[in-house]
Structure formats: C-alpha cells, structure tokens
Amino acid sequence: MVSQGQGFYSRWMPWLALGVVIVLLPFFVRPAIATVIWIFAILAVAFNILLGYTGLLAFGQSTFFGLGAYAAGLLLIHYKVHLFTSLLAGTLIGLVAAALIGRICIQRLGLYFVLLTFAFNQLFFFIAYQWNKLTGGEDGLPGVPRAPLQFGSFTLLDLSQPFNYYFLTAAVFLLSLAAMKWIVESPLGMIFQAIRENEARAGAIGYNVKRYKWIAFVIAGGFSGLAGVLYSMLFGIVPLDTIHWITSGDVVFMALIGGIGNFYGPIIGAALFIWLSESLSVIWARWPLMLGIAFVVVVLFFRGGCMEALERLWGLGMEKLKPGSR
Amino acid sequence: MELNLSAFLGQLLNGVVTGMIYAMMGIGLSLILGILDIPNFAHGVLFALGAYFLYSLFAVVANFWVALAIAPLGVLLIGMAIEYGGIRRLYPVGINYMLLLTFGLALIFQEMIILIWGPVGKSMIPPAGLEAGFNLGIVSYPKYRLFVMGLTGLIILGVWLFLNKTKYGAIIRAGVEDKEMVNALGINIRRVFTITFGLGSWLAGIAGALIVPVRGLTPVMGFDMLPICFVVVALGGLGSLSGSIVAGLIIGVAQSMIMLVWPVASIVVIFAVMAIILVLRPQGLLGIREV
Amino acid sequence: MILLRTEKLTKRFGELVAVDQVNLKVEEGRLHSVIGPNGAGKTTLFNLITGELQPTAGHIFFREKEITGWLPHKIPHLGIGRSFQRTNIFPKFTTFDNVWIAAFFQKAPRGLNALKKTATHPEVAEKVKESLAEVGLAERANQRACELSHGDQRLLEVAIALAASPLFLLLDEPTSGLSPEETRRMMEFIKKLSQRYTILIIEHKMNVVMSLSDKITVMHFGSIIAEGSPQEIQADESVRQAYLGGRR
C-alpha cells in the first residue's frame with residue numbers, strides 16, 4: 001500500500017526466511033519434492049494475483065501450466081533448445097494463451113468467468129488427451145531432457161544432478177517472486193486491489209476494469225507457463241494431469257490454505273499441499289479424501305489460511321490485506 | 001466408413017437419450033446456479049451417487065422400480081444437507097467460498113465412492129420387461145432407452161409445470177431473477193435455497209440412477225459428467241429451463257453423431273462450439289440473466 | 001457557458017419510465033441542485049450522465065461534446081467527478097489510498113506508469129495530501145476506510161470524486177445519513193467547493209438546497225416539473241404539490 005511504510009524487518013524477513021528454507025529444504029525432503037514445491041509456489045502466488053489481489057476466481061490455471069509444460073517439453077525433445085529458450089517459450093505460450101482466453105472470459109460476470117475458465121481448461125485437457133501423437137495422451141509426454149545451463153560451450157551447471165536442478169528452480173522461483181512482488185506493490189497492484197474492493201467504483205474513477213482484469217489474467221498465465229516449463233524437465237515427463245482441472249483446483253486450494261490475503265501465503269500453501277500429498281499418498285491410496293476434508297475444513301472454518309493463523313499467533317507485522325469476498 | 005441408416009438412427013436416438021440426461025443435469029445445475037450464484041462442483045458426484053445408490057438398493061431389494069424411486073431421494077437429502085450444513089454458513093462470506101466448498105465435497109464424495117464401492121466399474125442389465133429391443137422399423141432400439149427418454153421427458157415436464165404453474169415454483173423463478181426482491185417480499189429465501197439445492201440434487205440423482213443400465217457405473221463418472229453439465233448450462237443460458245433442454249439435446253446428439261464420423265474429436269468439438277457460442281452470445285442461447 | 005446539457009434524455013425499465021425526456025442545462029460555475037420526491041428519477045439521471053446506465057433515448061452533451069452512452073470509466077477523463085448516494089469507497093484501503101487511487105487514474109494508461117513504484121509519483125501523493133486537508137480528513141489518512149465514521153466516509157466519498165481535479169462534480173446526496181452537525185460541516189465544504197467547481201447536486205435536505213443553490217431543478221415521476229432560483233422554487237405551487245400532495 002502506498003501509505004504504509006514498511007519497516008526493514010517486515011520487508012526483508014520473508015526473503016531471509018525463504019533463503020533459509022530454500023537451502024535447508026532438500027535435507028528434509030527429497031530434492032525432487034522440494035523442487036515441486038517451488039514450482040507450485042510460483043503457480044500459487046501467480047494465481048493469487050487473480051484471486052487475492054483482483055478478486056477473480058479463475059478455475060483454470062492448469063491450462064497455462066500444462067501448455068507451458070507441453071510446449072517446453074516438445075521443444076526440448078524435438079529441437080534440443082537452450083534452457084533459456086525453453087523457459088521463454090513456456091512463459092510466452094502462457095502469456096499468449098492467457099491473452100486469448102482471458103479476452104473471452106473476462107467479458108463475463110464472476111459466475112460465467114469461473115465456468116468459462118473451467119471449460120477452457122477442459123478443452124485443452126481433451127485436446128491433450130486426444131492428440132496423443134503429439135502429447136502422448138493419457139501416458140504423458142516422455143523423454144523431456146534437461147537442457148544444461150550453458151552459455152555458448154561453457155556449461156555452468158549440469159542440470160541432470162537433482163540438487164543442481166533444485167537450485168535452478170529455486171532461483172527461478174525467487175526471481176519470479178521478486179517480479180510478482182514488484183507488480184503487486186506497484187500502482188498496478190493497487191488498481192487490481194481496487195477492483196477487488198469495489199469494482200464499480202474502480203470503473204467510476206476512471207479505470208477500464210475489464211482491461212485491468214485481463215492484464216492480471218495474462219500475468220498469471222505467463223508465470224504459470226514458466227512454472228510448467230520447470231515441471232516438464234523435473235521428471236522428464238509431462239503427465240496429463242498437468243493440464244487437468246483437478247490441478248487447477250489444487251492451485252486454488254494451495255492459495256486458500258496458505259492465505260489469499262497475503263502475498264507470501266500461497267507459498268506456504270503450496271509447500272503444505274505438496275508435502276502432505278507426498279506423505280499421504282504413500283500411506284493411503286485414498287489420500288485425496290483427506291485433501292477434500294482439509295479443503296472443506298479450511299473453507300468453513302479457517303478462511304484466512306495459515307498466514308492469518310500465524311499472524312494472530314505471533315503478531316507478525318507483515319503486510320496485510322484481508323481477503324475480499326467477491 | 002459405413003453409414004447405414006440403421007446405425008445412423010441408432011446413434012441419433014442414443015444422442016437423444018444422452019441429451020435428455022444432460023438436459024436434466026443442466027436444469028438441476030442451472031437452478032442451483034441461478035438461485036445460489038454458485039457453480040455446484042459437486043453436481044457430478046451427486047449424479048454418481050444416484051447411480052451407486054440405485055446399484056446398492058437394487059442389490060438389497062431386487063426391485064429396479066423401488067430402487068429407482070428411492071435412490072434419488074437419498075441424493076436429494078444429501079443435497080439439502082450440503083446446503084443447510086455447509087453452504088448456508090458461507091452466505092456472508094461470498095460465492096467464492098461456497099463454490100470451493102462444493103469442490104471440496106466433490107473430492108470427498110468421489111473418494112468415498114471408491115472406498116465404499118471399490119475402484120472398479122460395474123454394470124447392470126435393464127430391468128425385466130425392458131431388456132429387449134423395440135422394433136422401430138429401421139432399427140431395433142433397446143426398450144430401456146426408450147423408457148429413459150420417456151421418463152426424462154416426463155420429469156422435465158413435471159419440473160416445468162412445477163416452476164411455471166405452482167406458487168412455489170414462481171418463488172424459485174423469481175429468486176433466480178432477483179434474490180433480494182424475493183427476500184424483501186418476506187419470503188424465507190434460505191428455505192428456497194435449500195429446497196432448490198435439493199431439487200437440483202434430486203435431478204442429478206435420478207439422472208445417475210437412470211443411466212446405470214445404459215452405461216454402467218464407474219467411480220469417475222461424476223467427474224466426467226461435471227464439465228459437460230457446465231457446458232450445457234453455459235450454452236443454454238443461466239436460469240433457463242428450456243435453454244438447458246435445448247443445449248443438453250444439442251450436445252448429446254452432436255456428441256453421438258460426431259462419434260460416427262470423427263470419434264476422437266467429439267468431446268473437443270463440444271467445448272469449441274461452446275466457446276464460440278459464448279463469444280457471440282454471452283448469455284447463452286436462451287439465457288435470462290443479463291451478464 | 002453551458003457545461004452539461006441533456007436533450008430529451010429518457011430511461012425506460014420495461015413499462016416504467018424512470019427518466020422522461022429530461023432537458024437539463026447546467027451552467028459553468030454554478031451550484032445546481034436537483035430535488036424531488038423519492039423515486040423521481042434523480043439518481044437514475046446521474047447514472048445516465050456518468051454511464052452506469054445506458055439511455056433508452058436522448059442525448060447528453062458535455063461542453064458540447066456528445067457523451068451519450070459513454071462507459072463509466074471514460075467519464076473521469078472528461079473532467080467529471082461523481083460521488084454516490086450509498087457510500088461507495090474501497091473499504092480495506094486506507095483513507096489516503098482511497099484518494100490516491102482516484103488521483104492516479106490519469107497517469108495509469110501512460111506507458112508503464114502503473115508499474116513504476118508509487119514513490120516515483122510524488123505529485124500524486126501531494127495532490128492527495130491537499131485533498132485530504134481540504135476535506136478535513138488529514139488526520140485519518142492512515143486509517144482504514146471501513147473504520148471511519150459514517151460522516152467521515154461521506155467526506156471521503158466526495159474527496160474521491162475530487163481527487164482527479166475535475167471541472168464538474170456530481171454529488172448524490174452527500175449529506176445522506178449525516179447528523180445536523182456533520183451536515184453543517186459538509187455544507188460549508190460544498191460551499192467552498194462551489195467557488196472552484198461547477199456542481200450538480202442531488203439533495204433532500206431543504207435548508208442545504210435553499211441556502212447553497214444558484215439554480216434548482218425539481219423532478220417528479222421522471223420529468224422536470226419546475227426550474228429556477230431558490231426563491232422561485234419556494235413559491236412554486238406545483239413543487240409543493242409534488243412533495244406534499246397539495247397539503248401544507
């Protein structure tokens with residue numbers, strides 16, 4: 001917010017904390033899982049720009065995540081592109097797809113918006129499912145190589161090593177986070193929040209609300225695509241689930257459980273979700289039931305998510321925006 | 001590619017059967033959407049529950065008709081419980097949270113179905129008297145499916161009569177158009193919500209129950225049905241009964257016919273068509289509410 | 001000079017004619033009131049002017065430029081500011097930010113202005129501080145708008161309309177829900193404003209209307225039934241009838 005000054009503590013604490021967690025995490029969970037956490041953290045924070053900041057419940061983020069993953073996967077498999085090219089390609093396809101889909105979905109009221117984003121998610125899911133010559137269909141797209149981090153002929157980092165790939169992902173995560181933080185703290189971010197707080201008045205004071213919603217949608221799409229690229233290279237395969245609507249729902253859940261009223265909340269949500277699903281899935285095949293229950297509990301009783309609970313407990317003076325209801 | 005008339009007619013009729021089921025699902029979803037402003041993500045699993053309830057009841061009472069009558073009532077009760085116990089608590093918080101509740105419940109019910117009935121699909125033969133085909137001249141078409149067509153037609157007519165010719169139906173219709181007004185008129189809008197959710201759930205339940213002898217049951221049938229319901233509603237238009245009927249039939253028949261020509265693309269085409277229609281006509285084919 | 005002009009402006013909702021062939025003229029520099037019993041169509045008229053509603057028929061001209069049917073987000077660019085009858089602020093924003101966001105809109109579309117940190121727009125912050133001081137809300141700058149008293153919220157409502165330095169203000173019942181003391185404060189404020197802005201105001205409180213207005217337009221059932229100076233309106237029989245049903 002413009003008027004709130006930010007103390008040194010509240011401004012840099014989160015980054016320090018993140019830095020510590022990034023370094024320590026691979027010692028607590030498998031590097032692959034740790035990598036997944038940061039990938040979904042990007043996804044969840046990007047999604048929260050839509051939900052927490054702009055008040056838009058988009059139920060189709062996996063569209064862009066999946067498109068980014070498939071695009072990068074295909075480029076890497078068939079054309080052996082450079083790492084940066086794949087990252088760029090995934091982000092671009094996320095941006096372009098979001099621009100086109102957003103153009104259509106934004107026109108409509110909240111209800112239709114949810115339905116439409118969901119329906120487009122389905123559309124792309126079924127295209128991926130049916131077009132198995134291209135995408136591998138149900139079995140996913142296998143054989144995605146990890147392009148090394150190299151400049152010219154100098155290889156900086158051999159990404160086939162799990163730890164190396166982990167740190168690359170973490171680095172991309174931090175950069176993305178910084179970019180998204182810049183955006184939400186800028187006047188643009190304020191405009192998004194004004195739309196959430198009072199859409200009609202935001203229009204009445206001169207903002208083309210539809211255009212700004214579209215901008216938010218495109219931004220979220222771009223970062224989702226970027227996350228998708230990282231995901232494609234992680235396991236070397238792009239599973240069909242990447243573009244399934246349940247993944248979209250998972251992202252919503254992550255943001256919610258972490259706390260949509262806080263910029264960093266969704267990160268906690270992503271970590272919690274991934275860690276939980278990892279731990280539970282080995283114990284019980286029906287673990288989605290626990291997930292569903294957790295979901296319902298959070299929605300009914302625990303709406304502020306973890307961030308609000310933390311804040312209440314420890315009185316942390318972090319940047320605070322309460323979630324809007326519409 | 002053999003397109004003979006009998007196969008053609010058979011597919012067409014299949015499309016109508018599916019279309020009527022889609023229409024009923026669409027009507028139920030549309031009512032809930034219209035009056036509560038939430039896309040009910042649990043609508044698919046309610047459909048599945050109707051099917052599974054029928055299956056189990058039949059195993060117990062060995063009478064298809066009894067099972068058919070009772071199974072949807074079970075779903076109706078569940079629907080009303082969801083509304084009363086869950087969604088109602090979230091009125092003050094906003095539609096996003098109500099929507100997310102239905103999503104969470106969909107996950108829960110989906111998993112419970114697998115837990116209780118197992119991950120493997122099941123099938124069931126049509127009840128006695130309706131197993132064979134009916135000779136329509138060009139094609140011999142299963143009697144049961146004709147029965148489904150007839151019954152769903154009657155149910156839809158019944159719903160139409162209820163909404164348009166009874167006082168309570170008028171209240172519901174008014175609520176779809178303008179909730180606040182209904183509340184201002186002193187009518188207990190919350191009860192309307194619960195009953196409407198129940199009605200929508202009942203429709204989903206009976207759709208699920210009816211489809212069992214046609215398509216069998218699988219645990220994921222609910223999740224598979226959900227996107228199609230959404231398409232039916234988005235296409236037919238919010239709050240429009242006739243819209244859901246028309247859209248349901250269009251989609252059912254289109255899906256069926258495309259199967260003959262380009263089976264791979266059938267479902268993609270549905271979504272593409274929906275997208276196009278919504279671009280051109282945001283309120284759907286026959287939508288009431290302005291967007 | 002006529003700043004705002006409507007020509008046979010009409011709005012129908014099905015059978016109901018909310019605004020019926022209204023020809024309104026607002027002169028530059030004046031404080032022009034619109035009064036009338038409830039349901040006379042006053043707020044609907046405002047909504048037509050600022051684009052919240054599309055007219056069924058008729059035209060609206062601002063400085064002789066046709067703005068009929070313009071969408072709400074284009075209106076402030078013309079130099080028109082509006083406050084609402086029901087408090088329409090950004091509840092979780094601070095008072096300062098409420099005004100800031102309204103003041104910023106002109107800079108937003110230009111290049112990447114919206115992305116540059118807020119600190120690089122000091123002129124906007126200056127303008128906001130001025131507006132808040134003028135309205136008397138400077139001390140409440142850092143309070144959340146939802147925590148303000150009703151009276152302060154009404155002031156904020158007007159401050160938001162002022163934030164973008166408009167030429168023309170539409171104020172819809174600014175004293176709605178205010179105590180007599182708060183009403184007096186608002187009145188004085190509006191009087192100050194009227195020296196700098198052209199104001200079109202909807203009001204119910206007769207003392208406010210009569211003491212502030214240069215010109216009064218009376219509406220009833222969607223049409224204008226009388227227009228003139230406060231003295232003329234006070235003497236007008238048809239106005240009395242409309243309000244009081246012919247009894248005094």
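Predicted model: local features only at pLDDT ≥ 70, side-chain atom pairs only at ≥ 80, totals over all residues.
Let's start with chain C. Residues are numbered from 1 along each chain as its sequence is written, while chains are lettered from A and ligands numbered from 1 in the order in which they are written.

Back to chain C. How many residues of domain 1 of chain C are in contact with domain 2 of chain C? Four, and they meet five residues of domain 2. Two residues are in contact if their C-beta atoms, placed from the backbone, lie within 7 Å. On the domain 1 side of chain C, the residues divide into four nonpolar, no polar and no charged. For those classes, Ala, Val, Leu, Ile, Met, Phe, Trp, Tyr, Cys and Pro count as nonpolar, Asp, Glu, Lys and Arg as charged, and the others, Gly among them, as polar.

Now, how do the chains meet? Among the two pairs of chains that touch, chains A and B have the most contacts. That contact takes 35 residues from chain A and 38 residues from chain B. A word on elements: helices (H or I, at least four residues) and strands (E, at least two) are DSSP runs, numbered from the N terminus. H5(A) gives the largest share of the side that touches chain B, 14 residues. By class, this side of chain A has 24 nonpolar, seven polar and four charged residues.

Next, chain A with chain C. Here 23 residues of chain A are in contact with 30 residues of chain C. Helix H8 (187-197) and helix H9 (199-204) of chain A each supply at least two residues of the chain A side. H8(A) has the largest share, six residues. The chain A side divides into 14 nonpolar, six polar and three charged residues. What about chain B and chain C? No contact joins them, and their closest C-alpha atoms lie 14 Å apart.

Let's look inside chain B. Chain B has eleven helices and two strands. From the N terminus on, its elements run α-α-α-α-β-β-α-α-α-α-α-α-α. Along its principal axes, the C-alpha trace of chain B spans about 60 × 50 × 35 Å. What radius of gyration does chain B have? It is 19 Å, which agrees with the value near 19 Å for a compact globule of 291 residues. The radius is taken over C-alpha atoms, and the globule rule is 2.2 Å times the number of residues to the power 0.38. Buried residues make up 53% of the 291 residues in chain B. A residue is buried if 20 or more other C-beta atoms, placed from the backbone, lie within 10 Å of its own, exposed if 12 or fewer, and partly exposed in between. Among contacts in chain B between residues at least 6 apart in sequence, 77% join residues at least 24 apart.

Chain B is also divided, into domain 1 (42-122 + 142-219) and domain 2 (222-291). Their C-alpha centres lie 20 Å apart. Twelve residues of domain 1 of chain B are in contact with nine residues of domain 2 of chain B. On the domain 1 side, H2(B) gives the most, with five residues. That side has eight nonpolar, three polar and one charged residues.

One helix pair in chain B. Helix H5 (residues 143-165) and helix H8 (residues 189-215) of chain B pack at an angle of about 170°, with their axes 10 Å apart. So H5(B) is roughly antiparallel to H8(B), the term for angles over 145 degrees. Axes are lines fitted to C-alpha atoms, for helices over the stretch in contact, and angles run from 0 to 180 degrees between N-to-C directions. Residues making the contact include Tyr144(B) and Leu151(B) of H5(B), and Ile206(B) and Leu210(B) of H8(B).

Last, a single residue. Leu50(A) sits in helix H2 (residues 31-53) of chain A. Buried or exposed, Leu50(A)? Leu50(A) is buried, because 26 other C-beta atoms lie within 10 Å.

Notes
Parallel < 35°, antiparallel > 145°, perpendicular 65-115°, else oblique. Domains from an automatic or database assignment.
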